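Subject: Structure handover

Hello,

Here is the structure you were waiting for, with notes on what was found in it. Please open it alongside this message.

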Amino acid sequence: RITNIDRPLKQSEIDYHFRSIDLYSKKIEEHQNQAVFYFARAIDFALVKDIDNAITDLSRAIYLQNDFVLAYFHRANLRFQQILFYQADGSLSDKHFGNEFMLVMQDLDKITEMAPGFIYAWYNRGNMRFMQKDYRSALEDYNRAIELNPDFAEAWYNRGVTRIHLGERAEGIRDLSRAGELGIYKAYNLIKRFSE
């Protein structure tokens, strides 16, 4: 299951994931060429916030199975989380940001190539392009996400904001209105702001 909800784990959940890491480590010792075990351990590492080991395991899974779409997707998301973390604490240089950004984009590009119906890759790539102020390319990615799922509220919202940045206010407001209809109520505040 894919979710964008991040919540703190209870101690019992943390303990469970550490036991799971130990279990998958044993399986990896026995079956070193099984990408799925590295992937599963990476999920556990990510949930206990050991992002570096999670990325290492995902890279190994991809090395063993270069068409492992979910491994590319998870690695892109973790690298993006690292970008946000380092931006927030001020330790991300422009050069380092550029390198990390390119790694995330490479993974997302690979996914859209291998699995063009994987909606979240288009959406996340649109978000990355929006961060880079590449609004036209972001718009194309949001268009594709909406084409794949016309009820994808977040894509409507982000496309609306992107259109407003491009000076397409009427179209942006229409997209924000659709996002509001689909449950993103903060869209109505933006509509009010940009309609005045």
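At what angle do helix H1 and helix H2 pack, and how far apart are their axes? Helix H1 (residues 11-30) packs against helix H2 (residues 35-47) at about 155°, and the axes are 9 Å apart. Axes here are lines fitted to C-alpha atoms, for helices over the stretch in contact, and angles run from 0 to 180 degrees between N-to-C directions.

Before the rest, the ground rules. This is a predicted model, in which local features need pLDDT of at least 70 and side-chain atom pairs count only at pLDDT 80 or more, while totals for chains, interfaces and linings use all residues. Residues are numbered from 1 along each chain as its sequence is written, and side-chain values use heavy atoms, with hydrogens and water left out.

Overall fold

The chain has ten helices and zero strands (DSSP runs numbered from the N terminus: helices are H or I with at least four residues, strands E with at least two). Its C-alpha atoms fill a box of roughly 65 × 35 × 35 Å along the principal axes.

H1 and H2

Given their angle, H1 and H2 are therefore roughly antiparallel to each other (over 145 degrees; under 35 is roughly parallel, 65 to 115 roughly perpendicular, and the rest oblique). On the H1 side, the residues that meet H2 include His 17, Tyr 24 and Ile 28; among their counterparts in H2 are Phe 37, Arg 41 and Phe 45 (contact means heavy atoms within 4.5 Å). By class, the residues of this contact are eight nonpolar, three polar and three charged (Ala, Val, Leu, Ile, Met, Phe, Trp, Tyr, Cys and Pro count as nonpolar, Asp, Glu, Lys and Arg as charged, and the others, Gly among them, as polar).

H8 and H9

Helix H8 (residues 153-165) and helix H9 (residues 169-181) cross at roughly 160°, and their axes come within 7 Å. H8 and H9 are therefore roughly antiparallel to each other. The contact of H8 with H9 has seven nonpolar, two polar and six charged residues.

Second largest pocket

This pocket holds about 170 Å³ of space (a pocket is an open set of points on a 1 Å grid over the protein atoms alone, where a 1.4 Å probe fits, with protein on both sides within 12 Å along at least five of seven lines; lining residues have an atom within 4 Å of a point). Volume is the space filled by probe spheres set on the points, which are joined across faces, edges and corners. Lys 49, Ile 51, Asp 52, Gln 81, Gln 82, Phe 85 and Tyr 86 line the pocket. H4 gives the largest share of the lining, four residues.

Regards
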